[in-house]
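Student: I've got a model open and I'd like to learn how to read it piece by piece. Can you walk me through it?

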Amino acid sequence: MTSTRLAPLRAVLDNGAVFLTKEATATPAVAIHLAMRCGSAYDPSGAPGTAWLLSRVIDRGTLTRSAGEIAEELDGRGITVTVAVTRHLFSVFCTCLSEDFDQVLALLGEMVIAPSLPEAELSTRKGEVVTAIRQDEDNPAVRASETLMAALYPDGHPYGRPTKGTIDIVERLTRGDLERLHAERFAPGRLTGAIVGDVPADRAQAAAARVFGGWRKPSPPEIAIPPVHRAAERREIVVTMMNKAQTDIAYGFTAITRGDPDYYACLLMNNAFGQYAIGGRLGDSIRERQGMAYYVSSALDANVAAGPLVIRAGVSPANVARAVASIDEEIARLVAEGLTAKELDESRRYLIGSMPRALETNAGIAAFLQNEEFFNLGLDYDVRMPDFLHAVTLDQANAAARRLLDTGRATMVVAGPYQG
Amino acid sequence: MRSAPAAVTETRLDNGLTVLIQEEHTAPLASVWCWYKVGSKDERPGLTGVSHWVEHMNFKGTANIPRDQVKGIIEQFGGSWNGYTWIDQTTYLETATKDALDRMLFIEAERMASCLYHPDDCESERTVIISELEGGENDPDQLLDQELTATAFKAHPYRHPTIGWLPDLQSMTRDDLYGYYRRYYVPNNATLVVVGDVEAGDVRRRVERHFGSIAPGEPAPRIRTVEPEQTGERRLTIRKETTTEYFKAAFHAPSATGEDFFPLLVLDAVLTGAKGINLWSSFRVAPPQRSARLYRALVERGLASSVSGALIPTEQPFLYTLSATATDGVALAAVESALLEELDRVRRHAIGDGELHKAQAQLRARLVFDNDSVTNIAHQLGYFTTIGRLETFAEAPARIAAVTVDAVAQAAQRVLADSNRTIGWFQRA
């Protein structure tokens with residue numbers, strides 16, 4: 001049973017690497033999730049996109065294996081390595097059959113510890129990244145989100161920079177730039193691994209120690225994330241893309257850190273406002289009552305620094321003004337009148353009740369354990385989380401709405417066939 | 001450890017409802033799916049998109065679930081619900097803690113027999129669906145896929161998109177929707193699937209209680225159109241303002257029960273990496289494809305930034321589609337010629353034993369990964385029952401293991417023929 005209590009096994013290797021392991025026998029498979037503190041926030045100043053480009057090349061050759069050999073090894077086992085870059089983490093994921101676990105962990109270890117970053121691979125992957133950036137330029141949803149983040153986090157703040165970088169920068173990046181980022185930022189003391197699946201927890205720890213135990217390297221100093229400032233006034237930005245059929249709206253605020261004492265109040269408030277069922281109150285108004293949008297919701301990204309609360313909707317260009325007015329109206333009503341006790345209770349029951357689903361699969365448990373470790377939530381967080389939600393009062397949830405939401409300080413971006 | 005569909009129990013109520021139950025005691029969850037054998041291929045001209053619109057209407061309140069109580073009906077159990085419509089099927093699901101089982105069955109029984117179709121709700125949903133259509137048109141790949149499919153078929157109703165054509169969405173009436181709902185939403189046209197931490201006997205009793213009194217309907221009408229054999233290559237070019245250019249090639253392909261289906265699935269793994277056979281989950285994780293032929297020919301040579309293949313199990317012969325995104329600065333003609341050259345090579349020289357074994361190993365792993373949750377297992381049972389036979393799913397591992405180099409060669413000969421293909425370009429205007 002995965003739901004009663006996760007109780008993972010946590011061990012710290014003597015080089016500082018942390019491993020969380022958990023046996024789960026529902027399928028004969030194992031999820032491996034390695035997270036290094038080298039997300040896009042660690043990009044050198046003036047070179048956003050370095051971590052992203054490294055993520056495209058890191059699995060394309062190691063000291064002992066060529067790209068072709070890795071390709072054969074992965075494909076022969078029917079597995080895919082996914083490398084993802086978020087603001088703070090550079091993550092390598094893979095789900096494999098349990099019979100392949102030891103060899104796959106060894107391969108992932110080599111990728112993380114000793115990538116060879118071949119020049120030929122770098123050149124091919126740059127072409128892919130440039131194409132992906134060009135696709136983003138043509139995607140109204142991406143343009144709206146990225147423009148909003150740049151406006152909320154200006155002046156080169158790491159949360160406002162494009163994760164993939166820009167075409168100019170990507171084309172200029174060299175193998176030396178990637179080697180330098182890897183040399184400076186990849187270290188055992190900055191690595192957390194989660195291994196979940198059909199392998200006993202202690203055996204997974206032993207395998208992790210074999211692969212990563214010999215890696216000796218001092219930990220780099222942690223970077224400082226610049227302070228985040230609330231917008232002083234309301235701002236509206238239009239990104240006109242007349243070749244598109246629909247407009248995407250991104251409307252948001254800088255919000256809170258994960259460690260903020262109001263975190264659970266904000267989480268519940270946001271769920272009732274823009275998530276519960278089909279998009280909470282926003283969905284009731286914009287999708288269900290007015291039929292204006294196929295999607296509308298809000299998301300709270302509480303992070304190391306104050307992440308954003310972002311409302312997103314896709315609407316016909318003729319309905320942009322009405323949709324923005326409806327968002328304003330729902331915010332004003334929430335701030336003035338607050339949630340009802342029933343709404344708060346529903347969101348609370350949902351967030352607690354959805355945990356067994358979130359923790360059903362190996363990959364889901366691994367992601368949960370990574371989050372637990374990254375934000376220092378404790379190994380019994382799965383058991384304690386309901387208590388944190390139960391402790392939030394209606395007054396606290398309503399105070400959270402007043403704290404985060406203010407139409408007079410909203411920043412909104414409209415991208416699509418719309419000229420303002 | 002989870003076992004294959006051998007553990008499924010199948011029963012049929014007197015009103016014709018097929019019920020599949022599989023006990024899975026790995027998490028305190030239950031997943032309920034209700035499948036209807038109706039999809040966009042069952043729509044007549046003028047009513048394209050009606051199946052999908054009906055799906056939307058069936059989340060709007062019923063005789064015994066007032067409109068304002070729909071919200072939260074499953075969420076209060078921590079559950080999620082959803083639905084989808086495609087060419088052969090319409091389906092609805094709830095996954096929640098097992099104490100919500102009765103609630104989930106109640107919702108599906110209500111959905112089958114008692115939806116309201118209030119005229120105001122129909123109107124409000126019209127604009128939601130048009131917004132969904134416009135959102136899809138924002139994506140060049142999706143737009144090209146839609147137009148390519150419409151070009152590849154000239155007679156069979158697989159040709160029109162599931163979301164429907166815009167003029168039909170603008171003109172359809174409440175009575176069109178309600179009539180369609182009444183015709184197809186009958187127990188003898190449905191399959192109910194329950195997978196999870198449940199006891200089969202208990203589930204059967206509850207299903208009988210919720211669904212037993214729903215009257216059967218007339219057998220649903222079935223289309224008879226068979227797509228005539230394609231006699232020559234077809235081409236389509238969409239010219240629009242775009243930053244990126246896209247290529248697709250579609251080939252008429254066997255249905256899930258066709259002789260060539262599993263050999264073609266293996267061939268697709270050789271060309272673009274194995275995807276598995278779960279429409280709900282297979283395409284969410286990238287396939288293992290770095291050593292695949294088209295990946296090497298296009299992506300490793302810098303011609304394309306991505307390449308993919310899609311062979312999806314369907315009731316009637318649909319399409320095998322190959323897609324590539326041209327790398328910035330590369331002409332679509334170069335992508336096309338490299339791709340077709342590779343297909344020509346596989347037709348002329350077949351595949352090697354090593355490639356066969358690698359593709360089979362990939363598919364074996366993907367079938368395991370596809371069944372990692374009660375939701376995914378329940379999807380597979382209902383999906384294959386609806387498009388044809390549950391046995392196709394049960395037998396998949398053995399059928400894949402039995403594929404030979406010769407069978408792949410024959411499938412390549414038949415399916416990848418020049419005269420069987422439709423080429424699509426999405427090009428910068």
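Student: How many helices and strands does chain A have?

Tutor: Chain A comes to 16 helices and 11 strands. Helices here are DSSP runs of H or I with at least four residues, strands are runs of E with at least two, and both are numbered from the N terminus. Bear in mind that this is a predicted model, where local features need pLDDT of at least 70, side-chain atom pairs count only at pLDDT 80 or more, and totals for chains, interfaces and linings use all residues. Residues are numbered from 1 along each chain as its sequence is written, with chains lettered from A and ligands numbered from 1 in the order in which they are written.

Student: What radius of gyration does chain A have, and what would a compact globule have?

Tutor: The radius is taken over C-alpha atoms, and the globule rule is 2.2 Å times the number of residues to the power 0.38. For 420 residues that rule gives a value near 22 Å, and chain A, with 23 Å, agrees. Along the principal axes, the C-alpha atoms of chain A fill a box of roughly 60 × 50 × 40 Å.

Student: Next, domains. Where are they in chain A?

Tutor: The bounds come from an automatic or database domain assignment. In chain A, domain 1 covers 9–212 and domain 2 covers 235–416. Their C-alpha centres lie 28 Å apart.

Student: Which residues count as being in contact, and how many are there between those two domains?

Tutor: Two residues are in contact if their C-beta atoms, placed from the backbone, lie within 7 Å. By that test, 27 residues of domain 1 of chain A are in contact with 31 residues of domain 2 of chain A. On the domain 1 side, the elements giving two or more residues are β2 (18–23), β3 (29–36), α5 (140–152) and β6 (191–197) of chain A. α5(A) gives the most to that side, with 9 residues. By class, this side of domain 1 of chain A has 16 nonpolar, 7 polar and 4 charged residues. The classes are Ala, Val, Leu, Ile, Met, Phe, Trp, Tyr, Cys and Pro as nonpolar, Asp, Glu, Lys and Arg as charged, and the others, Gly among them, as polar.

Student: And how is chain B divided?

Tutor: Chain B has domain 1 at 5–211 and domain 2 at 234–428. The C-alpha centres of these two domains of chain B are 27 Å apart. Their contact takes 33 residues from domain 1 of chain B and 29 residues from domain 2 of chain B. On the domain 1 side, β2 (18–23), β3 (29–36), β5 (90–97), α4 (140–152) and β6 (190–196) of chain B each supply at least two residues. The largest share of that side, 10 residues, comes from α4(B). The residues of that side of domain 1 of chain B divide into 17 nonpolar, 10 polar and 6 charged.

Student: How do I read a helix pair?

Tutor: You describe two packed helices by the angle between their axes and the distance between the axes. Axes are lines fitted to C-alpha atoms, for helices over the stretch in contact, and angles run from 0 to 180 degrees between N-to-C directions. Take α1 (residues 50–57) and α4 (residues 119–137) of chain A: they pack at about 120 degrees, with axes 9 Å apart. That makes α1(A) oblique to α4(A). Angles under 35 degrees count as roughly parallel, over 145 as roughly antiparallel, 65 to 115 as roughly perpendicular and the rest as oblique.

Student: Which residues of α1(A) and α4(A) meet?

Tutor: A:W52, A:L53, A:R56 and A:V57 in α1(A) meet A:E121, A:L122, A:R125, A:K126, A:E128 and A:V129 in α4(A). This contact divides into 5 nonpolar, no polar and 5 charged residues.

Student: Last one: how many residues link chain B with chain A?

Tutor: 56 residues of chain B are in contact with 57 residues of chain A. On the chain B side, β5, α3 (119–137) and α11 (353–370) each supply at least two residues. The largest share of that side, 9 residues, comes from α3(B). By class, the side of chain B that touches chain A has 15 nonpolar, 25 polar and 16 charged residues.
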